[in-house]
Amino acid sequence: MTASRLGACFTVGAALLAAAAGCGGRPASVAGVVTMAGTPLENGVVTFTPAKGGPSAYGTITAGGRYELKTGAGQGLELGDYVVTVAANATPDQAAQMGEKVGREGIMPLLTPVKYANTTTSPLKATVKAGRQQLDFDLEKRAAGGGSR
C-alpha cells in the first residue's frame, strides 16, 4: 500500500471513528422531582413533548417523585422548548379515598388532575439547555370529587 493510500485510509478511518463516538448521544440530560401539593408522587410518567415537533422524551416517576428523561432507548433529549405532561394513577387505597372506582380492565383512576396529562391543556413548560438540568414540578391537587376525566 502506498503512503498516500495509507494516509487516505487513516483519515477516513479516523473520521468514521469520530462520527461513531458521537452517535447516540443527546446534548441534554434532565432529571427532577414531581410533587403534588408538595407531596412527592410515587408512580407515573413525565413526558417532554417538543414545542416544534420531533421525538418526545419520557421518564418513569419512582420513589420520592424522582424521574430521569430518555428519548427512545437512549438517555437525554434535544435542546429546545417543551410542553411537559404528567400522569399518575391512584393506588386502590387512594382511589377509595377519592371516591373513585377502578376502571374497566382494572385501570386505576388518575391521581393527578387530567389537565396535566394532555399537551394541549398542560400549563407545564420547560426550556432544555445543554448539559445536565434539574427540573422539578409541583402539581396542583385534584379537586375533591373532580373525577379523572
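## An aromatic cluster

F48 and F137 are both buried. This is a predicted model. In it, the ring centres of F48 and F137 lie 6.2 Å apart, with the planes at 75°, so the pair is edge-to-face. F48 belongs to strand 3 and F137 to strand 11.

The whole structure holds two aromatic pairs. F48 and Y82 form a tilted pair, at 5.8 Å centre to centre and 55° between the planes. Y82 sits in strand 8 and F48 in strand 3, so their pair ties together parts 34 residues apart in sequence. Y82 is buried, as is F48. Ring pairs join F48, Y82 and F137 into a cluster.

## The nonpolar core

Nonpolar side chains tend to be buried together in soluble globular proteins. Here the largest nonpolar core has 27 residues. L41, V46, F48, Y67, L77 and V86 touch the most other members. Strands 1, 3, 8, 9 and 11 each supply at least two core residues. Strand 1 gives the largest share, with four.

What does V46 contact, beyond its neighbours within four places in sequence? Its partners include V34, A57, Y67, L69 and V86.

A37 is not a glycine, yet its phi is positive, at about 55°. A37 lies in the loop between strand 1 (28-36) and strand 2 (39-40).

## Confidence

Mean pLDDT is 81 for the protein, and 79% of residues reach 70 or more. Over residues 2-24, pLDDT stays under 50. The model has two contacts beyond four places in sequence for that stretch.

Note on methods: Residues numbered from 1 in each chain as written. Predicted model: local features only at pLDDT ≥ 70, side-chain atom pairs only at ≥ 80, totals over all residues. Heavy atoms only, no water. Core = buried A, V, L, I, M, F, W, Y, C linked by side-chain atoms within 4.5 Å. Buried < 20%, exposed > 50% of the residue type's maximum accessible area, 1.4 Å probe, protein only. Contact = heavy atoms within 4.5 Å. pLDDT = per-residue confidence, 0-100. Phe/Tyr/Trp six-rings, centres within 6.5 Å; stacked < 30°, edge-to-face > 60°.
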